[in-house]
Amino acid sequence: MKYATIKEIFLEMNTIAAPLFEGKTYPWEVLAEIGDFIKKIGPTLPKDEFDNPKEGVWIAKDANVFESAYIAAPCIIDHEAEVRHCAFIRGNAIVGKGAVVGNSTELKNVILFDKVQAPHYNYVGDSILGYRSHMGAGSITSNVKSDKLLVKVKYKGEEIETGRKKVGAMLGDCVEIGCGSILNPGSIIGPNTNVYPLSSVRGVVPPESIYKNAGEVVSKE
């Protein structure tokens with residue numbers, strides 16, 4: 001499917017999880033392997049650079065993690081990341097270098113590439129956020145269909161069955177999600193795309209686009 005492959009979505013593989021994507025075509029293929037990947041590479045991280053405060057959790061010594069944040073295993077928080085007040089990390093989470101997990105933001109089974117920002121009241125589940133992507137305040141990923149059927153990725157009449165009940169959103173590099181938006185299950189947002197505030201996004205949005213509403217997606221000039 002056009003615009004849905006790993007190579008088309010993530011132009012810069014700036015993440016400690018880069019090896020996890022090797023040999024795969026679509027980004028949702030890595031979702032089932034995040035936890036095992038963390039458990040595998042965590043013990044190999046340099047002990048002079050990463051703390052291991054509890055089993056299955058590795059936090060870079062130069063990361064800023066507020067005392068009120070909750071972090072469940074397995075999890076890696078990379079260099080210079082910031083995990084703010086009352087953030088809720090439920091496990092199977094990789095927080096990239098310089099990334100921000102904000103006040104009351106919840107993460108579950110996710111990869112946040114380097115420099116990602118989810119800073120204000122966000123829910124990000126079963127999702128992958130590409131390099132320098134940004135979730136506006138109150139924007140969320142919806143990862144389960146209301147009918148509880150397996151998630152399909154759709155674009156212009158074409159469908160791909162993910163084989164998973166839970167798939168949130170895949171954001172390409174430098175995507176901007178407007179405040180209060182909902183990214184419905186299986187949403188793919190191409191790199192350098194902007195989504196208007198209060199949007200409800202479904203399917204694949206091409207790169208270099210402006211998503212105004214479901215019937216109005218325009219290319220950037």
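**Helix α2**

I started with helix α2, residues 34–41, and looked up which residues are tucked away: I34, G35, F37, I38 and I41 are buried. Buried here means under 20% relative accessible area, exposed means over 50%, and partly exposed is in between (1.4 Å probe, protein chains only). I looked down the axis of α2 next, and its buried residues fall within an arc of 165°, so they line one face of the helix. The arc is taken from the directions from the helix axis to the C-beta atoms. On the other side of α2, I found D36, K39 and K40 exposed. A reminder to myself: an α-helix has 3.6 residues a turn, so residues three or four places apart point the same way.

**Ground rules**

I am working with a predicted model, where local features need pLDDT of at least 70, side-chain atom pairs count only at pLDDT 80 or more, and totals for chains, interfaces and linings use all residues. Numbering runs from 1 along each chain as its sequence is written, and side-chain values use heavy atoms, with hydrogens and water left out. Helices (H or I, at least four residues) and strands (E, at least two) are DSSP runs, numbered from the N terminus.

**Negative patch**

I noted a negative surface patch formed by D48, E49, D62 and E80. Patch residues have over 30% relative accessible area and no salt bridge, and like charges are joined within 9 Å. A salt bridge would be a side-chain nitrogen of Lys or Arg within 4 Å of a carboxyl oxygen of Asp or Glu. I checked D62 in particular: it sits in the loop between β2 (57–60) and β3 (64–65). D62 is partly exposed, with a relative accessible area of 40%.

The peptide bond from A73 to P74 is cis, with omega near -10°, and P74 belongs to the loop between β4 (70–71) and β5 (75–77).

K156 is not a glycine, yet I read a positive phi of about 50° for it. K156 is in the loop between β15 and β16 (158–161) and is exposed, at 74% relative accessible area.

N192 is not a glycine either, and its phi is positive, about 60°. I placed N192 in the loop between β20 (187–189) and β21 (194–195); at 23% relative accessibility, N192 is partly exposed.

**L150**

Last, I looked up L150, in the loop between β14 (140–141) and β15 (152–155). L150 is partly exposed, with a relative accessible area of 39%. I also checked L150 against H79, 71 residues apart along the chain: their C-alpha atoms are separated by 36 Å.

Technical notes:
Patches are made of residues with over 30% relative accessible area and no salt bridge: like charges are joined within 9 Å, nonpolar side chains (Val, Leu, Ile, Met, Phe, Trp, Tyr) within 5 Å. Accessible areas come from the Shrake-Rupley method with a 1.4 Å probe; for residues, only the protein chains shown count as cover. Lys and Arg count as positive and Asp and Glu as negative; His and the chain ends are not counted. The place of a charge is taken as NZ of Lys, CZ of Arg, CG of Asp or CD of Glu.
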